[in-house]
Structures are given as structure tokens and as C-alpha cells.
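Please read them with the structure open.

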Amino acid sequence: MTGPSQGNDGSALDDRMVRLGWSGEQSGYIDFFRSDYVSGPFEDAARKERFYYIGKYEVTRQQYTAVVDKCQPGLAQDPDGGLPMTGVSWFDAVQFTRALSNWLYGNASEYLPVAGNQRSYVRLPTEIEWEFAARGGLSVSESERSDKLFPMAGDVKDYAWHAGPESSDGRLSPIGVLKPNPLKLYDMLGNAEEIILEPFRMNRLGRLHGQPGGFVTKGGSYETVMGEIRSALRS
């Protein structure tokens with residue numbers, strides 16, 4: 001669960017304005033500063049806040065195959081099963097969420113959170129949902145959430161697999177090995193890039209340009225150099 005958004009009374013129209021992006025040599029029309037709004041479908045009535053859920057770990061090869069290929073024989077013996085799933089397209093990722101939702105509805109619907117009187121389903125996160133969570137949500141202060149990286153007790157290599165012999169050394173790593181971010185989410189930066197729901201749009205002086213095209217991945221990968229690792233990184 002990420003930190004909730006908060007409005008006046010916890011109603012469905014409440015949302016929270018947050019700052020995204022970064023200002024640096026690598027930014028510009030890709031991930032320059034901009035403002036956006038985030039909310040969630042679920043309500044904490046006692047706190048008058050709304051929230052959403054996001055995966056704690058990257059999806060592994062074993063999990064992906066179990067959902068898409070319906071647990072083929074020998075799956076449990078895959079030596080690389082604990083690595084994050086890579087090499088898939090946006091269409092593959094959407095199909096995975098669809099297949100997982102269908103399985104949950106047929107086999108474990110009682111575990112799906114309810115919004116109003118409707119069961120929820122699994123989908124890719126939007127870019128604002130992903131970045132708000134990657135920055136630490138409401139578990140960090142507004143100034144910390146606007147920094148290049150979420151607060152870290154140690155070096156970047158303690159939290160993110162990035163390029164270099166002191167970190168990834170050119171290889172993917174199993175999920176959940178390094179320290180999590182303040183929301184206890186693992187591998188949000190580095191290791192495998194993460195696909196989001198909506199298409200890419202350029203950033204035009206602090207707002208998204210009107211023309212969409214292509215797809216977006218977030219967080220960088222094990223091939224991203226340490227100096228470029230940042231919560232705003234979008235490719």
C-alpha cells in the first residue's frame with residue numbers, strides 16, 4: 001500500500017497535487033519538473049483519506065510464467081525464476097495483468113480489495129502512481145519527496161542495482177535483495193525497468209505535451225550509471 005492521497009473529506013473526488021520530474025543535465029523534454037495529481041479508489045473512512053495498492057516486488061520470471069503459461073511442468077526448477085521478468089512488451093505486460101485478474105476472480109476473489117461494492121482488479125500503475133510510490137509517498141516529507149532520490153540510509157548501491165562492478169556488474173539480480181524504499185517497495189530504482197500504463201508524452205516546459213506515442217519505462221535498470229539513477233527517470 002502506498003501513502004494515501006488526501007483531500008477535504010475522503011470523497012472520490014479528493015486528490016493530492018504532487019511534484020514530479022527532475023531538473024538536471026539529463027532531463028529536459030523527457031523528465032523535467034511538472035505537477036500532477038494522485039488519488040486512489042480505496043477509502044480509509046476513519047482518516048478521511050484515499051489510497052491505492054502497488055506491487056511490493058518486481059514480477060519474477062517464475063510468477064510471469066505461472067500466470068501466462070499456467071504453470072508448465074518444470075517451472076519450479078527454473079534457476080532464474082527469481083529474476084525480474086524482462087524482454088516483454090507493453091502488450092505482454094497488459095496481458096499478464098488481465099490473466100492475473102481473471103485467475104484471481106475465479107480462484108481468490110475474496111482477497112481482492114473492494115471499492116464501494118465492486119471488487120478490484122490488477123493493472124499496470126500510471127506514471128504518477130508509480131513515481132509517487134517510488135519517491136516514498138506520504139511516508140516521507142514533501143521536501144524529501146521532491147528530492148532526486150528517496151531518503152537513503154547508506155549508498156545508492158544499497159538500494160538500487162546500477163551499472164558498475166560495485167553493483168550489478170552487468171547482470172540482473174533476484175528481486176528483493178537490496179534495501180526497500182520508505183514504503184517498503186523493493187527495486188523501484190535500477191535492476192529491471194518497469195512498464196507503466198499510459199503512453200509516452202514529451203515534457204514541454206513543465207507540462208506533458210499533447211501528442212502521445214511509444215511507451216514509458218521507469219526507474220532505470222542494472223545498465224544505468226549511478227549518477228543517472230533518480231526517481232524521475234523515464235525512458
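1. Basis. This is a predicted model, in which local features need pLDDT of at least 70 and side-chain atom pairs count only at pLDDT 80 or more, while totals for chains, interfaces and linings use all residues. Residues are numbered from 1 along each chain as its sequence is written, and side-chain values use heavy atoms, with hydrogens and water left out.

2. Helix pair. Helix 1 (residues 61–68) packs against helix 2 (residues 90–107) at about 65 degrees, and their axes are 9 Å apart. Helices here are DSSP runs (H or I, at least four residues) and strands likewise (E, at least two), numbered from the N terminus. Axes are lines fitted to C-alpha atoms, for helices over the stretch in contact, and angles run from 0 to 180 degrees between N-to-C directions. The two helices are therefore roughly perpendicular (65 to 115 degrees; under 35 is roughly parallel, over 145 roughly antiparallel, the rest oblique).

3. Their contact. Gln63, Tyr64, Val67 and Val68 of helix 1 meet Asp92, Phe96, Ala99 and Leu100 of helix 2 (contact means heavy atoms within 4.5 Å). By class, six of these residues are nonpolar, one is polar and one is charged.

4. Thr97. This residue sits in helix 2. Is Thr97 buried or exposed? Thr97 is buried, at 8% relative accessible area (buried is under 20%, exposed over 50%, partly exposed in between, with a 1.4 Å probe and protein chains only). Beyond neighbours within four places in sequence, Thr97 contacts Val122, Arg123 and Leu124.

5. Core. The largest nonpolar core has 22 residues; Val18, Val38, Trp130, Ala133, Leu185, Met188 and Leu189 touch the most other members. Such a core is a set of buried Ala, Val, Leu, Ile, Met, Phe, Trp, Tyr and Cys residues joined through side-chain atoms within 4.5 Å. Strand 2 (16–20) and helix 3 (127–134) each supply at least two residues. Helix 3 gives the largest share, five residues. Leu185 touches Ile54, Gly55, Lys56, Ala133 and Pro180, leaving out residues up to four places away in sequence.

6. Helix 3. How many of the residues of helix 3 are buried? Eight of its eight are. Charged Glu127, Glu129 and Glu131 are among them. The cover includes strand 2, strand 3 (34–38), helix 4 (142–145), strand 8 (194–195) and strand 11 (217–218). Just after helix 3, Gly136 has a positive phi of about 115 degrees.
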